[in-house]
Amino acid sequence: MTVKAYAKINIGLDITGKLDNGYHLLESKFIPISIYDSLNIKISNEDDVTGMIIPKEENIIYKAIKLYKEKYDVKESFSVNVKKRIPSQAGLGGGSSNAAFTLIALNKILNLNVNNDELKELRKNIARLTSEKKDEEKNNLLNIYNSHPLVVNYEQSKKEVLEILRTIKDILN
């Protein structure tokens, strides 16, 4: 099955509360845009994601498959080939969109008829796993920054600043 996982842009964000773990509850309003990643998903001998640079264990699509299989006791394995069109780290929701459309496709392939509310809960769990990983990376970079001050030009993007900090980390190690 091939699905189009559309990018989205955030047109509104409200903080609606705070969780015990320090994360904030957010309500976002998104609109889809015409850019999309193509996901070719099929039953295979093992779970795998191809067409991506990052290792599969860190890939949000792979995490979506694992969570779906755990939650619904699915024995089949799946391969997903991604044709990337959404720029990575561009703030267009490519990763979360890929995870959401993977869950929808698995549901159709297996004909489990899991309702949208349950799929939404799974997506929230995937988002939590992803944000915890990002927090860990951010904390590592902040520790480097605190021990080696860096003056950052206000016009530099977050991505550029993180790349500078990663370079400093590599030099120090």
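This is a predicted model: local features need pLDDT of at least 70, side-chain atom pairs count only at pLDDT 80 or more; totals for chains, interfaces and linings use all residues.

I started with Tyr 68, which counts as buried because its relative accessibility is 0% (buried is under 20% relative accessible area, exposed over 50%, partly exposed in between, with a 1.4 Å probe and protein chains only). Residues are numbered from 1 along each chain as its sequence is written, and side-chain values use heavy atoms, with hydrogens and water left out.

Next I searched the whole structure for aromatic pairs and got two. Rings of Phe, Tyr and Trp (its six-membered ring) pair if their centres lie within 6.5 Å; planes under 30 degrees apart are stacked, over 60 edge-to-face, the rest tilted. Tyr 6 and Tyr 36 make a tilted pair, at 5.3 Å centre to centre and 55 degrees between the planes. Tyr 6 is in strand S1 (residues 2-18) and Tyr 36 in strand S2 (residues 24-44), so this pair ties together parts 30 residues apart in sequence. Helices (H or I, at least four residues) and strands (E, at least two) are DSSP runs, numbered from the N terminus. Tyr 6 is partly exposed at 32% relative accessibility, whereas Tyr 36 is buried at 19%.

Then I checked the sheet: four strands form an open, mixed sheet in the order S1-S2-S4-S3. Two strands pair if DSSP finds at least two bridges between them. S3 and strand S4 (residues 77-83) run parallel, joined by three bridges.
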